Amino acid sequence: MRYFILLILTLIPAFALGQEWEEEARFGNEGAQSTLRVISSTDTSFFAPVIETFVAKSPSVAISYFVTSTAELNRIVRENPSGYDVVISSAMDLQLKLANDGFAKELTVDGLPDWAKWRSSLFAFTTEPAAIVMNKKAFPDGRIPQTRQELIQAMRDRPEEFSGRIGTYDVRESGLGYLFATQDARASETYWRLTEVMGSLKARLYCCSSAMIDDLVTGELAVAYNVLGSYAKARQDTSDQLQIVLPSDFPTTMMRTALVSAQSSQPQIAEDFVQHLISLQTGSTDNNMPLPPLDVENAVTGRSNIALEPALMTYLDRLKRRNFLKEWESAIIQGQ
Amino acid sequence: MNNRVGIIRSLRDRLAITLIGGAAVLAILLYLVVRSYAAQIAQQGQDSILAASVTSILDAAILRDGEVEVDFPYASFSMLSTDSDDRVFYAIYQDDELISGYDTLFHSDPIPDADHRFGTATLQNAEVRVASAARTLIGAQVTTVISVSVAQTQDALEVTLNRISRNAAGFGAGFFLLATALSFWATSTTIGPLKRLTSSVTRRGPQDLRPFEQPVPTEMEPLVASLNNLMGRLDQSLSQSEDFIAEAAHRVRTPLATVRSYAEATLQRVGKPENRHALRSMVKAIDESSRAAGQLLDHAMITFRADHLDKQDLDLGELVGELVRSLTPIAEMKDVRLQIRCPETVNVQGDAILLQNAIRNVIDNALKYSPAESDITISVSNSAEDRIAIRDEGPGFPENNMAMLADRFTRGSNSEGITGSGLGLTIAQDVVIAHGGHLVLANHAEGGACVTLSF
Ligand SMILES: Nc1ncnc2c1ncn2[C@@H]1O[C@H](COP(=O)(O)OP(=O)(O)OP(=O)(O)O)[C@@H](O)[C@H]1O
Ligand SMILES: [Mg+2]
């Protein structure tokens, strides 16, 4: 904390830069020679420790950190690839397509197993399961469902309790939500039955995990499906009314990924930053970072991760997406 | 004797170079063939996966309410995963209009419902392999053609090819090394009999002219047969010429001795001074002829023997002693004393007959050219530089042509009236040279000739 100052953490009005950010922050010395521009879908609070340790190591570098949604991030980077040096997103499919389309620079980064990187240009640095988060009050008997099947059963048993109190991603808006949904659909037909049940109970659709957790805490929501476990965990400390369940029938696990823009104006600093990020995330487990680490050991045996492979582009296909959304809409919006 | 032989590149080298060169050519050929074959197979592998991907997308295309739906499976792309994380591009066209995928991927316009087409293209600075195929969809009102292209970079293929190239190079090198070792082995076994023949020829003694009897390979049979033939003829002609020399000496000397004895006898009976003079000249001429014939034959014998020295261990003191004993009667007629100085045993390797001949000629000179009642000293020593020195107390060599006295038929100015042929010193010199030494003529300051045989 001696070497840098957290300069600003403000919400900037839309008209100021012509670009509306969810969050924007600057780290580092005022007189830093260069500024690394990081565009990310991860909340600043999760990323601040990573950036702070980096600017502490390299005092000549300042970092501007911009937060936006995964879909928006993908659009911005494609439109203006030279505008940002490091691109961080939880939407693995969009990130992989960026790399596939030549937006990512090849780096020499150490310490990652093969499955955690793609073409030496896309690097995974977290392992985050999609969770079902429940408000314990909604299950007074304490019988909290552990699988999707049990969740469906619970909702069918007490529709009056859950009607209008189920939350999930609006997959049309959220890249991560779309990724989770498509991977669920790929894994099992249960997903469609669950979606139909949620639709019949007038499920509420959200842009992001944090909003769903907010509503869970207030009790507005009883169940949130496919929420990022990491976000829920971060909030659980302040409120023990939430129960996080990693469905045991089939887990869906996402990895956050980083890439360096092929048109970055300071590729070396960007590469150093990515290396720093990966070293932190694969290093000792006792770091008190809010970001969940990359699960290097379990992933090898568990194979529950969504693999970094070109197949991720399948559901990004225009026709496939159109189809999927049509089906999803007819399932979730049936009664609304 | 001249031992030089004109030499061209050795058989062994030629054989080895031919075999190794052949092995190198084969190794390179092996490498190229394996590599190109592997490249073909690897490319076929990629093509078949691309084709499967194209097919799985095409199969998913359906017409629903006049609209095309292509709900292709996850596997369409996941089958394209490679170790090198190759990039994947695809394009789906309806008739000639892109309905999904990358518009940068060229539309190859494949023939509907025919086999897949493959090609190579450059896309976003990357070399890609493209597979495409098309299918006709027939609906209630519309008929449309869906064509699909799937492209993939070739990084993994490159890696595979490099690995195969390395392996092929390894095989090639291994083959080459093995072939080289084999060719060395083959060369030495082939050359072996030749070497054995050579060493058996070298090991032979000078007189050994027996034919070679060890078995030799067929190819060497003519060589060994002619060698044996040559040696047979050599052996025959050598024994012939030895016989001839002995025979000739006998044939010339015997009649001369007869003529001389008749002349002597006649001299007793002739009283007229001019007749006596004529007869004396006749005897003298016969002596000269006899001497010349003897020396010539000796010289011929020496020339012949010099090429095939019959070396033995000799006690030089004993050899000289024997010689002196046989010459003592002649010396006594002139009142000359022959003295031997041999303080220690001198053992040398040499041809006894030749050495006796040489020493006899030198002592003979000392007897002939030095006055009566004088001493001739023969010193034998263990030093090679003055092995035998023969010194008399006469007037010494005439100084004017001393250097030429050892030449053939050269006699000095002091030889007038003395029977001789001018070959004595030549014989002595040839013998010491044949023994690897040299002859030195010198006059002593206090008078007397000294001949030194160093060998
Ligand atoms: N001991 C000697 N003293 C003086 N002159 C000598 C002596 N020995 C040789 N010569 C000279 O050297 C010459 C050559 O000698 P060489 O023995 O070759 O021939 P030669 O004695 O004349 O004939 P032969 O062949 O019968 O010996 C002699 O003619 C003589 O002039
Ligand atoms: Mg003589």
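**Note on a predicted two-chain model**

1. Chain B has 8 helices and 14 strands, where helices (H or I, at least four residues) and strands (E, at least two) are DSSP runs numbered from the N terminus. This is a predicted model, in which local features need pLDDT of at least 70 and side-chain atom pairs count only at pLDDT 80 or more, while totals for chains, interfaces and linings use all residues. Residues are numbered from 1 along each chain as its sequence is written, chains are lettered from A and ligands numbered from 1 in the order in which they are written, and side-chain values use heavy atoms, with hydrogens and water left out.

2. Of the 455 residues in chain B, 39% are buried. Buried means under 20% relative accessible area, exposed over 50%, and partly exposed in between (1.4 Å probe, protein chains only). Among contacts (heavy atoms within 4.5 Å) in chain B between residues at least 6 apart in sequence, 64% join residues at least 24 apart.

3. Two packed helices are described by the angle between their axes and the distance between the axes. In chain B, helix 5 (residues 273-307) packs on helix 7 (residues 352-369) at an angle of about 145°, with the axes 10 Å apart. Axes are lines fitted to C-alpha atoms, for helices over the stretch in contact, and angles run from 0 to 180 degrees between N-to-C directions.

4. Helix 5 of chain B brings residues including Arg291(B), Asp298(B) and Met301(B) to this contact, and helix 7 of chain B brings residues including Ile353(B), Asn357(B) and Lys368(B). The residues of the contact divide into 5 nonpolar, 3 polar and 5 charged. Here Ala, Val, Leu, Ile, Met, Phe, Trp, Tyr, Cys and Pro count as nonpolar, Asp, Glu, Lys and Arg as charged, and the others, Gly among them, as polar.

5. The contact between the chains takes 24 residues from chain A and 26 residues from chain B. About 2100 Å² is buried between chain A and chain B, 45% of it on carbon and sulfur atoms; buried area is the accessible area (1.4 Å probe) that two parts lose on being put together, summed over both.

6. Across this interface there are 4 salt bridges, each a side-chain nitrogen of Lys or Arg within 4 Å of a carboxyl oxygen of Asp or Glu. Arg119(A) and Asp155(B) meet in a salt bridge at 2.9 Å, N to O.

7. Gln124(B) has a positive phi, near 50°, and is partly exposed at 32% relative accessibility. Glu373(B) has a positive phi, near 55°, and is exposed at 66%.
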